[in-house]
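Please look over the following model with the terms used to describe it in mind. Each term is set against its cut-offs in turn.

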Amino acid sequence: MKREAAASRAGPRDVLRLLYGHRRRIALAVLLMLGATALSLAQPLLVKRVIESAGSGSPVTPAVALLVVFFLAQAVVQGLAQYVLARTGEGIVLSVRLGLIGHLLRLPMRQYDRHRVGDLISRVSADSTTLRLLLAEGFTDAVTGSVGLVGVVVLMIWLDWLMFLIVLGMVALATVLVGSVLRGIAAASLATQEATGAMTADLERALGAIRTVRAARAEQRESDRIGGRARSAYRGSLRMAKLDAVVAPAVELAVKGSFVVVLLVGGIRVADQDGSVADLAAFLLYMVYLIGPIGAVFQSLSTMEQGVGAYRRVTEVLALPTEGETGPRPATVSRGADRTQPLLAFRDVWFGYEPGRPVLRGATFEVPEHSHVALIGGSGVGKSTVFALLERFYEPDRGRIEFDGRDIRTVGRAAHRARIGLVEQQAPVLYGTLRENLTYAVPDATPEEVDRVVARVHLTDLVAGLPRGLDTDAGEHGMALSGGERQRIAIARALLARPRLVLLDEPTAHLDAVSEAALRRTIRDAAAECTLLVIAHRMSTIRAADLILLLDEGRIVAAGSHAQLAATSEHYRRLLHAQQPGAVDASRAGAG
């Protein structure tokens, strides 16, 4: 919470901390800019010398030639400095994006529950793009403008401190005005970035369920909802544009106004022989040169205020703890080489997604090694929660989960997950080829290993009939495949990693009879390689299990084979009757 609160207060100092890691390149750019500024500031002095030489009848050619050389050298050095600064800014943005991507992929599951995925994506895309504006443009303008401004001010004071005070007064008025505007720009920027994030989240929501949207004829409602977010972002951007439009005219008015005043006062002083034309010309040239640095500094402040809102949203995400930083690591040890111990055991496990609302209430059960276990129960009793805890997406509130007799929290998450294969109910197939999907967990798998799992899940004929075999694109979300094929691809992906335990979440829930029969063969063959724990609803899947665990109200209320539970468990008989009326009596008769 402290890290998130600090992120919400992120400001210019935090941006400077971000720049610190690139201080060498920034130092090089500043040195180049100092050189360019020195060449630029010398030019009015050379003009002064040309005027004085012409007035005294001395040759002006050397001074004019030197002026041309200084002018060309300044252009080259300044261009190089701008490139170094821009490259540094882009490098910083790249490092921020890479950090965000890595961080987002490692957040605890609770953070994904609390945040909209589309908004998180927006922070990598839209917010980091705005951050690029801050660093690549705002910071560049701030550095170049500040360096030039200091040099011009020093020389103007040296030439005529009285007229410099006139200029300073006019610029101070503009600074007061711009300062009040910048505060409004920062607030408008943050509101715009948040509206953009909400728009992205709503669009991701609609496109992720586009078939449902079309079937419900909800295109216009979704368009209106997302359009409302877009209009909110537009209003925020428009407010920023209005405020930003004040900055440049205020600076221009201050500089031009002071230019006119200096010209009048200086002209009167020259006419009264209280000053020289050469000094006045040099001072006026410095005033012309002053427009660029002042404009750059004020514009950079405006740009930075816009970018600080984006940076604040970026740091909010980076302040979230990653999965590796959460979860206790109790000092439990293995029980030793007890060959009779189960592969998996839940010991009085309690867990709730929200405080005071437990989903699991003292769940206790064992899964023997090389067994096929079905986990059954009504909707919402905690079956998927069991899988989530097994994969360490969440940590138990009380109790412990053992794998090979050892508390799973004493093993690193990556090492623990390498022992387990997960096949989700929707069997997600990622965009890419079938081969890329199969080898997702084992990218260095050999062709022979891939062919082995393809044969194990009975996909050999399907692959042989595809135009490019395993290198055929699966389509977005695997839409080029049937539901049964996606399930078998997901099982093959899990088996390729040679896990000791495979978790199957309702694998036959949405399949037709033919696909279900093929998948049952796949599950039967997979059981020969590893232990299976299957969340099951269909009786055909339940009957195939060696052991059935009945979960109700967060705890195991019955365990045994199909015949045993049909004879002894009233709760199981109710589930059986709900699926197959009349099957209860048949099961009892078979048991007797």
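The questions and answers below take up this predicted model and the reasons for its labels.

This is a predicted model in which local features need pLDDT of at least 70 and side-chain atom pairs count only at pLDDT 80 or more, while totals for chains, interfaces and linings use all residues. Residues are numbered from 1 along each chain as its sequence is written, and side-chain values use heavy atoms, with hydrogens and water left out.

Q: Why is L98 called exposed?
A: A residue is buried under 20% relative accessible area, exposed over 50% and partly exposed in between (1.4 Å probe, protein chains only). L98 has a relative accessible area of 53%, and it is therefore exposed. L98 is found in helix α4 (residues 61-104), where helices are DSSP runs of H or I with at least four residues, strands are runs of E with at least two, and both are numbered from the N terminus.

Q: What makes α3 and α4 roughly antiparallel?
A: Helix α3 (residues 23-56) and α4 pack at an angle of about 160 degrees, with their axes 8 Å apart; the axes are lines fitted to C-alpha atoms over the stretch in contact, and angles run from 0 to 180 degrees between N-to-C directions. Angles under 35 degrees count as roughly parallel, over 145 as roughly antiparallel, 65 to 115 as roughly perpendicular and the rest as oblique, so α3 and α4 are roughly antiparallel to each other.

Q: Why is α15 called oblique to α17?
A: The angle at which α15 and α17 pack is about 135 degrees, with their axes 9 Å apart. That value makes α15 oblique to α17. In their contact (heavy atoms within 4.5 Å), E449, V450, R452, V453 and R456 in α15 meet A492, L495 and L496 in α17.

Q: How do you know that the buried residues of α15 line one face of the helix?
A: In helix α15 (residues 447-456), V450, V453 and V454 are buried. Seen down the axis of α15, these buried residues fall within an arc of 105 degrees, so they line one face of the helix; the arc is that of the directions from the helix axis to the C-beta atoms. What covers them includes α14 (434-438), α16 (460-464) and α17 (483-496).

Q: How many residues does the protein chain have, and what share of them count as buried?
A: The protein chain has 592 residues, of which 46% count as buried, and the chain contains 22 helices and 10 strands.
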